[in-house]
Amino acid sequence: RDLLARSYRRENIREATRILTAVVEQNPDFAPGHAGLGLAHWYSYRVGERKPDDLQKAIDESQRALELDPNLVRAHITLGSIYSMSGKTDLAATSLN
């Protein structure tokens, strides 16, 4: 989380992604891990090279987090942000409500 708080640094995003990937591999049902990984991929997309793969991973991880814990605010915010920035306002509103 501290690494993502300094998300303007790409090396922090890469390190957070590496750590969170290991967390969800060890604990596949740990919803906050998936939410954090979704956020890390979203930050990677936003400050990186805008790879569609990062965007899709952000969506997939956030959705997985919500499958495990439908009330996980971080995952809702990440999805809402992604959908809003993508012009999918209906999906953004659903995620953020």
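The accessible surface of the protein comes to about 5,900 Å², and 49% of that area belongs to carbon and sulfur atoms. Accessible areas come from the Shrake-Rupley method with a 1.4 Å probe, and for residues only the protein chains shown count as cover. This is a predicted model, in which local features need pLDDT of at least 70 and side-chain atom pairs count only at pLDDT 80 or more, while totals for chains, interfaces and linings use all residues. Residues are numbered from 1 along each chain as its sequence is written, and side-chain values use heavy atoms, with hydrogens and water left out.

Next, the burial figures. Of the 97 residues of the protein, 40% count as buried. Buried means under 20% relative accessible area, exposed means over 50%, and partly exposed is in between, with a 1.4 Å probe and protein chains only.

Now the fold. Helices (H or I, at least four residues) and strands (E, at least two) are DSSP runs, numbered from the N terminus. The C-alpha trace spans about 35 × 30 × 20 Å along its principal axes. With 97 residues, a compact globule would have a radius of gyration near 13 Å, and the 12 Å of the protein agrees with that. The radius is taken over C-alpha atoms, and the globule rule is 2.2 Å times the number of residues to the power 0.38. For contacts (heavy atoms within 4.5 Å), residues 24 or more positions apart account for 43% of those with a separation of 6 or more.

On to the core. A nonpolar core is a set of buried Ala, Val, Leu, Ile, Met, Phe, Trp, Tyr and Cys residues joined through side-chain atoms within 4.5 Å. The largest one has 18 residues, and Trp42, Leu55, Ile59, Leu72, Ile82 and Tyr83 touch the most other members. Helix 3 (31-47), helix 4 (52-68) and helix 5 (73-85) are the elements that give two or more residues to this core. Which helix gives the most? Helix 3 does, with six residues. Leaving out residues up to four places away in sequence, Ile82 touches Trp42, Leu55, Ala58 and Ile59.

Val73, Ile77 and Leu96 make a nonpolar surface patch of about 260 Å². Patches are made of residues with over 30% relative accessible area and no salt bridge; like charges are joined within 9 Å, and nonpolar side chains (Val, Leu, Ile, Met, Phe, Trp, Tyr) within 5 Å. Val73 is found in helix 5 and is exposed, because its relative accessible area is 52%.

Last, the charges. A search of the whole structure finds four salt bridges, each a side-chain nitrogen of Lys or Arg within 4 Å of a carboxyl oxygen of Asp or Glu. In one of them, Glu15 pairs with Arg18, with the closest N and O atoms 2.6 Å apart. Both lie in helix 2 (residues 10-26), three residues apart, about one turn of the helix.

Arg64 forms a salt bridge with Asp29 at 3.3 Å between the closest N and O atoms. This pair links distant parts of the chain, with Arg64 in helix 4 and Asp29 in the loop between helix 2 and helix 3, 35 residues apart. Glu67 also bridges to Arg64, the closest N and O atoms being 3.1 Å apart.
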